[in-house]
Amino acid sequence: MVLLRYSLAVFVLMVGTAQASTILQWTFDGATNPADLSNSAASPNVSASTGTGTASGLHASALTDWTTPVGNGTTDAFSSTNWGGGDYYQFTFSTAGFINLSFAFDQTSSATGPKNFKVQTSTGSGYSDLGGGAYAVLLNGTPNPAWTSGTVQPAYHYSFALPGGTAGVR
């Protein structure tokens with residue numbers, strides 16, 4: 001089984017150099033927990049837990065299963081099987097009126113899942129690679145698939161600054 005799990009995606013507005021405010025967040029639990037979906041190339045749309053935005057995913061394989069297993073310190077994460085080149089998770093939102101934004105999330109991959117990723121952003125027409133947004137899901141050079149709902153593992157946390165005018169991230 002090929003899994004990529006996101007337990008949390010948070011968008012943060014930097015209010016100053018020492019303070020930050022969450023303006024958008026997905027926790028994939030409670031009222032925003034998507035129903036599991038089997039054999040579908042497209043994921044269910046997931047509304048943000050805080051703020052206004054939509055998370056979704058798209059895979060080439062119509063055999064993809066979309067589930068919400070245990071996450072990094074949470075009871076639910078967003079997960080999918082059958083990863084291939086060009087497959088993605090996407091978070092769509094507006095940054096109108098905000099500056100100094102960053103995007104943070106927790107991610108892991110199964111032993112047979114994908115390891116190399118990049119963050120892309122859009123202002124509404126096409127996606128561009130985020131500078132410094134390429135990363136590998138590794139811990140001490142090896143895949144890091146183990147998560148528990150009780151303990152947050154900082155090694156699974158990724159954070160990136162967003163350019164102004166961003167309308168979506170994938």
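A residue is called buried when its relative accessible area is under 20%, exposed when over 50%, and partly exposed in between (1.4 Å probe, protein chains only). The structure is a predicted model, in which local features need pLDDT of at least 70 and side-chain atom pairs count only at pLDDT 80 or more, while totals for chains, interfaces and linings use all residues. Residues are numbered from 1 along each chain as its sequence is written, and side-chain values use heavy atoms, with hydrogens and water left out.

**Ser122**
- Ser122 belongs to strand β9, residues 116-122, where strands (E, at least two residues) are DSSP runs numbered from the N terminus.
- Because its relative accessibility is 7%, Ser122 counts as buried.
- The side chain of Ser122 comes to 2.8 Å from the backbone oxygen of Gly126.

**Strand pairing around β4**
- Strand β3 (residues 46-47) pairs with strand β4 (residues 53-58) in the antiparallel sense over 2 bridges, pairing being assigned if DSSP finds at least two bridges between two strands.
- Ser47 has Thr54 in β4 as its bridge partner, and in the hairpin of β3 and β4, with 5 residues between the strands, Gly51 takes a positive phi near 85°.
- Strand β4 is also joined by 6 bridges to strand β7 (residues 88-93), and these two run antiparallel, with Gly53 standing opposite Phe93 in β7.

**Asparagines with positive phi**
- Asn39, although not a glycine, has a positive phi of about 55°; Asn39 lies in the loop between β2 (20-26) and β3 and is exposed, with a relative accessible area of 52%.
- Asn82, although not a glycine, has a positive phi of about 60°; Asn82 sits in the loop between β6 (78-80) and β7 and is partly exposed at a relative accessible area of 33%.

Key:
Helix = DSSP H or I, 4+ residues; strand = E, 2+ residues; numbered from the N terminus. Polar contact = N/O pair within 3.5 Å; in protein donor to acceptor, adjacent residues only side chain to side chain.
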